[in-house]
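I opened my notebook and looked this protein up piece by piece. Here is the model I worked from.

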Amino acid sequence: MSTTRNAFLTTFKHITRPAPTSSANATARVPRVTKPIVSAPMNGWSGPNLVATVANHGGFPIYPIGYYTDPSKILKDLQSIPPLLNDPESDNDGQQDTDVFMPYAVGFISFWLDLKGPELLRSILKGQGDHPDRRSAPRPPAAIWFAFGDYKPFLEFVREYGAVGTKIFVQVQTVQEALEAQEQGVDVVVLQGTEAGGHGAQRVSPLMTLLPETVQALKDKVASNSSLQMPVVLAAGGISTAAQVTAVQAMGASGVVVGTGFMPTFESHGAQHAKERLLRTSDGGANTVRTRIFDELREFDYPAGYDGRVVRNLLTDREEDDLKYCGLYEQKGQAAFKLLKGDRTGTKQDYERAVKEQDYDLLPLWCGTGVGMLNKQVSAAEFMDQLMVNQQQ
Ligand SMILES: Cc1cc2nc3c(=O)[nH]c(=O)nc-3n(C[C@H](O)[C@H](O)[C@H](O)COP(=O)(O)O)c2cc1C
């Protein structure tokens, strides 16, 4: 395994599990993270079941915080994860717990965290150690993930309140943002290309160029400034196959962050009819589209510069028609939407009905261009095995 590829696994080698019982030393522990595969924080899709399955199979999952209104629901959800892990790391054998961390990260949307304040982040970093049932009490997550918006005000917070060794992931979309994350001493920089499902940047290149340009820029900085470190670099966006994993490794990534590929698996949270719609979607670049229309309709105040990739549907087609009709297609952006908002009343009502009926002709089915390569429903573990076929473990 090359050094770059090792960087990710080395970073998480302190997340351990009991060694097989046949081991001579009953208290021996081995690394839990053995595959350079991170399951993305997918709001509404990655719940405790998917998180536990990915962790149990040697990957590193991110539990998504999303746009929460009730922090207690999230804490309850997190409490349901430890019993799902293969070897619930409790002290029921009378031994002292040897691990500080849970084998997953918790993913925050930075601009939402900014709106809501850091209380939930503090509880999560504390690890809910005062839960009455110690077996259900999650210890702190091994890492915190930030995406979309300014994460910098929260870095000190994680460093102050997190256990020593808590890692920080930041998902970025440009070379400049990656260099900033490096300067901030972030442990893992996730490069999200335009192929990615869900939210991302409006102005972003495909991974094919974003990844090598960024890796070179990060290396150049280390060469010219000895106080800077090379962060672990992961690639995100459109990755559904083992060949793509190998390709991004060849371009300097230590591993991959995969969202869409986990969506149709049995363990994800989504509705079965939505999973089937994904499996039927081919030609991922042609049949998905980046848009802000759903954030406009939900009146989510996403910071400027972000949109999200969804499967094309009646609403995205209508959006394009509207914009063409208004002669604004070329200037698709905030101004165009403001001009069109008056026309949107009917659409908004349709949308509210669709939410009730889970109608993906109108609802956003967030997903990346890699959807075209997914055509059979499998378990999350089987999907991970497919991604790993070219790797020497
Ligand atoms: C359904 C869905 C929901 C997502 N939700 C989040 C989220 O809540 N927070 C986040 O940081 N990224 C989110 N993302 C983006 C992922 O972090 C990641 O960049 C993306 O899934 C990678 O591209 P891929 O989906 O093509 O594999 C989401 C992606 C999808 C597909």
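These are my entries, from the whole chain down to single residues.

**Ground rules.** I am working with a predicted model, where local features need pLDDT of at least 70, side-chain atom pairs count only at pLDDT 80 or more, and totals for chains, interfaces and linings use all residues. Residues are numbered from 1 along each chain as its sequence is written.

**Overall.** I found 16 helices and 13 strands in the protein. Helices (H or I, at least four residues) and strands (E, at least two) are DSSP runs, numbered from the N terminus. Of the 393 residues, 40% count as buried. For that word I noted the cut-offs: buried takes 20 or more other C-beta atoms within 10 Å of the residue's own, exposed takes 12 or fewer, and partly exposed lies in between, with C-beta atoms placed from the backbone. I then looked at contacts, which are pairs of residues whose C-beta atoms, placed from the backbone, lie within 7 Å. Among contacts between residues at least 6 apart in sequence, 68% join residues at least 24 apart.

**Strand 5.** Because 8 of its 8 residues are buried, strand 5 is largely enclosed by the rest of the structure. Strands pair if DSSP finds at least two bridges between them. Strand 4 (residues 60-64) pairs with strand 5 in the parallel sense over 3 bridges, and there isoleucine 62 stands opposite alanine 105. Strand 6 (residues 141-147) also runs parallel to strand 5, joined by 6 bridges, and isoleucine 109 stands opposite alanine 147.

In strand 8 (residues 188-192), 5 of the 5 residues are buried. Side chains in a regular strand alternate between the two faces of the sheet. In strand 8, Val188, Val190 and Gln192 point one way, and Val189 and Leu191 the other way. Strand 7 (residues 167-172) runs parallel to strand 8, with 4 bridges, and valine 170 stands opposite valine 189. Leu191 turned up again in the largest nonpolar core, which has 91 residues: with Leu234 and Val256, Leu191 touches the most other members. Such a core is a set of buried Ala, Val, Leu, Ile, Met, Phe, Trp, Tyr and Cys residues joined through C-beta atoms within 7 Å. Beyond four places in sequence, leucine 191 has contacts including Val172, Leu207 and Val233.

Most residues other than glycine have a negative phi. Phenylalanine 148 has a phi near 65°, and aspartate 283 one near 50°. Are they buried or exposed? Phenylalanine 148 counts as buried because it has 23 C-beta neighbours inside 10 Å. Aspartate 283 is exposed, with 10 other C-beta atoms within 10 Å.

Note on methods. Two residues are in contact if their C-beta atoms, placed from the backbone, lie within 7 Å.
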